[in-house]
There are 2 protein chains.
Amino acid sequence: MTTAPIFIAGQWKQSASSPTFTAFNPTTGQTLPQTFPISAWSDIDATLTAAHNAFHALHALPRQQIANFLTDYADRLDAAKDAIAAIAHQETGLAVAPRLADSELPRTTNQLRQAAGAALDGSWALPTIDTKFNIRSCLAPIGPVFVMGPNNFPLAYNAISGGDFAAAIAVGNPVIAKAHPAHPATTQLLAQHAVAAAQAAQLPPGTIQLIYHMSNEDGLRLVADPRLGATGFTGSRRGGLALKAAADAAGKPIYLEMSSINPVILLPGALAERPDAIADEYTNSALGTAGQFCTKPGITILLAGPATESFISAVQQRFAARPLHPLLTQDVRRSLAAGIQTWQSAGAQLLIGGAPAAGPACCFANTLLRVSAERFLQNSRALQTEAFGNAALLIVADSPDQAAAVVETLEGNLTGSIYSAITGDDDPLYARLEPLLRHRVGRLLNDKMPTGVTVSPAMNHGGPYPATGHPHFTAVGVPAALRRFTQLQCFDHVRPHRLPPLLQDANPMNAWRFIDNRWTTEPLPHGDGHRPAAVSGGPR
Amino acid sequence: MTTAPIFIAGQWKQSASSPTFTAFNPTTGQTLPQTFPISAWSDIDATLTAAHNAFHALHALPRQQIANFLTDYADRLDAAKDAIAAIAHQETGLAVAPRLADSELPRTTNQLRQAAGAALDGSWALPTIDTKFNIRSCLAPIGPVFVMGPNNFPLAYNAISGGDFAAAIAVGNPVIAKAHPAHPATTQLLAQHAVAAAQAAQLPPGTIQLIYHMSNEDGLRLVADPRLGATGFTGSRRGGLALKAAADAAGKPIYLEMSSINPVILLPGALAERPDAIADEYTNSALGTAGQFCTKPGITILLAGPATESFISAVQQRFAARPLHPLLTQDVRRSLAAGIQTWQSAGAQLLIGGAPAAGPACCFANTLLRVSAERFLQNSRALQTEAFGNAALLIVADSPDQAAAVVETLEGNLTGSIYSAITGDDDPLYARLEPLLRHRVGRLLNDKMPTGVTVSPAMNHGGPYPATGHPHFTAVGVPAALRRFTQLQCFDHVRPHRLPPLLQDANPMNAWRFIDNRWTTEPLPHGDGHRPAAVSGGPR
């Protein structure tokens with residue numbers, strides 16, 4: 001079997017380098033036969049040049065062509081659902097149904113279609129017009145975007161089909177996609193559909209490109225390359241921080257979603273009111289797909305008392321009864337064991353689980369630990385280690401003061417949840433803890449577990465460092481997620497026929513625009529752009 | 001005379017450290033008598049704690065109190081115009097009128113009042129509501145903001161009264177202001193009015209604080225401190241990049257406006273059509289206030305020919321005839337001389353000027369250089385050195401290809417201007433050069449010099465690195481400039497009475513909100529927030 005080709009500058013071709021890698025079937029524990037190339041710098045250099053060349057050509061295209069590409073690509077993926085789910089299952093162990101075929105693939109195509117809508121309506125660009133001074137601005141494409149997807153979403157976050165891909169392309173940026181090495185064949189199949197759709201839409205060669213793997217050094221070089229506009233990365237904190245340092249030093253924007261332990265606070269009134277329902281919700285959220293979610297509730301804060309002890313027992317029983325689900329890779333399993341070990345060394349007590357499961361599948365026992373808030377506060381850094389997989393930590397505080405102190409030690413997270421009594425009994429405690437929590441998380445939930453990231457314009461899949469690299473941006477949600485891959489451009493006294501469509505008087509895209517401090521889809525009366533600009537304010 | 005007090009945690013008090021500095025009168029060349037403290041870490045540590053404590057208190061205040069503060073502060077500054085302009089003139093050499101009293105101070109108070117409006121209308125927050133899933137998000141204050149202003153705008157960019165200050169406070173963040181050491185007495189006077197207004201508005205102590213100076217090491221430590229939310233910096237590239245590295249490593253957002261040479265392209269048809277007008281505009285823009293503007297046209301690209309030679313002669317005559325204006329400090333004069341020397345060493349030819357002027361005032365001869373595009377391309381890095389002050393470089397290209405090559409070597413800049421013939425004769429050349437230029441600048445101008453930054457919602461005073469640290473953000477313009485000092489916060493299934501006002505069904509702030517993909521100021525029908533959230537999409 002030959003090594004899989006990469007896709008560069010509009011062509012499938014063999015990588016210029018000879019090292020290869022293979023993927024792994026976590027259900028059987030077997031290595032998969034197909035080999036994929038580990039690209040050397042010469043491959044990457046070629047993608048950068050092709051993407052750079054594609055950028056200006058893409059800029060000149062009507063937005064309809066980009067929207068057509070995204071929609072057609074979504075249609076092709078829907079039509080190929082069974083084949084995609086089958087191969088993704090083989091490489092990830094995720095269930096064909098409902099997970100891959102009925103949930104993740106529809107989410108993926110929904111994202112592509114929403115991005116197509118945004119490409120057409122310009123809602124991401126925040127077009128702004130000051131008619132008095134004839135100054136106009138909007139967000140505009142930033143340049144070629146390098147996308148690295150994570151191991152845990154082979155479709156919806158795949159570098160060639162996921163949210164970052166859709167966002168970067170919809171804005172008008174070429175994408176250099178790097179497959180996650182845990183699911184290269186899935187990525188190859190997705191890319192074949194992407195290529196067919198890009199050719200049908202006559203996008204410039206170099207608009208989409210695919211490589212499978214590269215050395216860490218080449219990754220650091222790539223994110224800092226002058227030809228690149230920005231990078232989107234979803235993955236480990238260690239990898240993300242190394243890339244961030246390289247990109248930051250070169251002044252290149254990089255958007256990272258790195259790690260999160262997603263604190264859940266279960267207030268006493270809620271636990272007294274509906275213990276079984278919360279134990280069910282918690283177990284489902286912590287153990288679904290073996291807990292391999294960025295928004296898994298990694299730590300939970302409870303107040304000491306009989307209701308908390310009953311809850312812990314109930315959860316422990318549920319963890320014991322719950323069938324195991326394979327982890328994505330042996331690395332994930334090793335890393336999960338190491339994380340649990342870190343928690344234990346820092347004083348957490350193992351209640352159940354804690355070891356790999358026997359058998360060919362790459363499983364780990366469902367694992368639950370507890371620690372006192374006092375102990376947590378003494379080792380808060382170690383006890384905030386993300387243990388990616390089916391393990392969770394319960395923190396029991398003796399008092400509201402202690403619970404508040406725990407929240408105040410938390411690093412930035414994607415989410416934070418608070419369950420409180422319907423009766424209002426917990427409201428004083430909620431009012432005390434919520435302001436401390438809210439500032440530390442990107443998304444605050446009430447009475448709801450954090451897993452389940454709706455693709456909504458109002459979603460924030462982001463948060464303060466080190467959950468991400470910058471708390472202003474979200475990785476999920478149209479149009480907001482698209483704004484990551486933009487630069488602000490202002491047109492000062494630019495002649496009317498030279499303005500981009502979003503800023504023309506006639507508003508040919510029928511976009512929402514912020515004109516003289518109000519939002520409107522109305523065109524401007526013809527001729528406003530022609531009058532001489534007044535100049536106010538001081539120079540600068 | 002005692003050393004001036006700093007303002008920490010609601011009180012004027014002596015700095016805990018003993019080193020001091022003095023300012024300089026550039027008009028007389030004399031050192032000014034008042035001494036100001038160089039704070040040690042203990043001062044800074046105290047401001048951080050006070051700002052951290054103020055943050056939550058500020059969050060709980062009605063927005064009206066913040067707006068009242070900003071408006072009252074603006075009124076106080078307007079009333080004290082003469083005293084402020086006099087002291088700022090003494091420390092900067094900038095003219096009392098029209099510059100300080102009639103241009104910069106009104107601009108400053110205009111910014112404060114616009115920020116007050118934004119505090120009330122929430123336009124900066126982009127409130128977004130998805131009624132189907134009951135998910136709501138908006139931008140929210142990021143935490144205490146450290147502001148460092150530049151030497152060249154003692155009022156409109158002052159850390160205690162300028163654009164960054166207004167933006168950070170309007171959003172609801174405490175500000176730690178550091179005076180620029182070139183105008184500490186001006187800053188002290190402004191701060192006295194700020195303090196009076198803050199006390200009148202009953203803002204929490206620690207909302208505004210002032211220190212005058214610190215070591216570079218303490219600056220690096222401050223921008224990375226966990227108690228800080230973000231930093232706003234306007235100043236030199238060297239200082240900015242050092243601060244950026246420290247802030248980036250700690251994951252703290254930092255917004256930098258560092259340096260820019262603001263390329264101007266004068267196309268042949270425009271030069272043939274209106275040579276005198278363009279020579280006048282160019283001279284005014286390059287030499288106004290001794291060229292001490294971030295948007296000074298530092299380099300100008302021309303195409304070789306008789307019209308260009310005439311233009312160069314005309315500009316040379318104007319430079320010779322133009323009276324000198326003092327530079328802000330001896331450092332600025334030394335740095336200007338060094339920049340010109342760098343240009344000359346890289347092959348630029350001195351046409352006029354090039355040396356400090358005799359006499360007590362801190363002046364430098366109006367300086368003009370030229371270089372061929374060929375030479376520029378051989379030394380493009382050195383020839384893109386910013387020479388801050390009254391010096392400018394003309395680049396003469398032999399062909400459109402050469403002009404395009406020059407544009408393609410340019411680093412990121414705040415602005416880029418293109419002058420073209422009214423007749424349309426230059427349009428083919430414009431169409432070739434503009435796409436190359438646009439992507440490299442924050443603001444594109446037609447037939448207009450770049451100095452003159454209108455405080456407009458559509459302004460972009462920003463641009464690609466290294467003009468700034470991130471091309472998505474602007475330092476000027478309300479509401480966009482406020483968004484720098486925010487984090488995105490999402491409320492998922494949060495109970496209605498717990499939502500921030502901007503996201504409540506009733507829309508009590510009458511804000512523009514993006515609801516189900518359209519912008520509106522309408523409230524939501526009461527009760528929409530109560531219905532159970534549906535959950536869609538896959539988990540993540």
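Is Arg498(B) buried or exposed, and what is its relative accessible area?

Analyst: Arg498(B) has a relative accessible area of 10% and is therefore buried (under 20%; exposed is over 50% and partly exposed lies in between, with a 1.4 Å probe and protein chains only). The model is predicted: local features need pLDDT of at least 70 and side-chain atom pairs pLDDT 80 or more, while totals for chains, interfaces and linings use all residues. Residues are numbered from 1 along each chain as written, chains are lettered from A and ligands numbered from 1 in written order, and side-chain values use heavy atoms without hydrogens or water.

The partner of Arg498(B) is Asp427(A): the two form a salt bridge whose closest N and O atoms are 2.9 Å apart (a side-chain nitrogen of Lys or Arg within 4 Å of a carboxyl oxygen of Asp or Glu). This contact crosses between chains, since Arg498(B) belongs to the loop between strands S21 (486-492) and S22 (513-515) of chain B, and Asp427(A) to helix H15 (residues 427-438) of chain A (DSSP runs numbered from the N terminus, H or I of at least four residues for helices and E of at least two for strands). Asp427(A), at 25% relative accessibility, counts as partly exposed, whereas Arg498(B) is buried.

Over all chains, the count comes to 42 salt bridges. Within helix H2 (residues 63-79) of chain A, Asp72(A) and Arg76(A) lie 4 residues apart, about one turn of the helix, and their side chains meet in a salt bridge at 3.0 Å, N to O. Asp72(A) is partly exposed because its relative accessibility is 22%, and Arg76(A) is partly exposed at 28%. In chain B, Arg76(B) and Asp72(B) form a salt bridge with the closest N and O atoms 3.0 Å apart; both lie in helix H2 (residues 63-79) of that chain, separated by 4 residues, about one turn. Relative accessibility is 27% for Arg76(B), which counts as partly exposed, and Asp72(B) is partly exposed with a relative accessible area of 21%. Elsewhere, salt bridges that share partners join Glu273(A), Arg274(A), Asp447(A) and Arg495(B) into one network.

Lys296(A) sits in the loop between helix H10 (275-287) and strand S15 (299-303) of chain A. A polar atom of its side chain lies 2.9 Å from the backbone oxygen of Gly389(A), and the backbone oxygen of Ala391(A) is 2.7 Å from a polar atom of the Lys296(A) side chain.

The structure holds 12 cavities of 30 Å³ or more (on a 1 Å grid over the protein atoms alone, sets of points where a 1.4 Å probe fits but cannot get out; a pocket is an open set with protein on both sides within 12 Å along at least five of seven lines, and lining residues have an atom within 4 Å of a point).

The largest cavity contains about 520 Å³ of space (the volume filled by probe spheres set on grid points joined across faces, edges and corners). Its lining has 34 residues, with Leu126(A), His472(A), Arg483(A), Leu126(B) and Arg483(B) nearest the centre. Strand S8 (135-141) of chain A and strand S8 (135-141) of chain B are the elements giving two or more residues to that lining; S8(B) gives the most, with 3 residues. By class, the lining of the largest cavity has 23 nonpolar, 9 polar and 2 charged residues (Ala, Val, Leu, Ile, Met, Phe, Trp, Tyr, Cys and Pro are nonpolar, Asp, Glu, Lys and Arg charged, and the others, Gly among them, polar).

The second largest cavity holds about 280 Å³. Of its 23 lining residues, Asp248(A), Gly469(A), His470(A), Asp248(B) and His470(B) are the closest to its centre. Helix H8 (237-249) and strand S13 (254-257) of chain A, together with H8 and strand S13 (254-257) of chain B, each give two or more residues to this lining. The residues of the lining divide into 11 nonpolar, 6 polar and 6 charged.

Finally, the second largest pocket holds about 1600 Å³. It is lined by 49 residues, and those nearest its centre are Asn151(B), His180(B), Gly235(B), Ser236(B) and Gly239(B). H12(B) supplies the largest share of this lining, 6 residues. The lining comprises 18 nonpolar, 21 polar and 10 charged residues.

Terms used
Polar contact = N/O pair within 3.5 Å; in protein donor to acceptor, adjacent residues only side chain to side chain.
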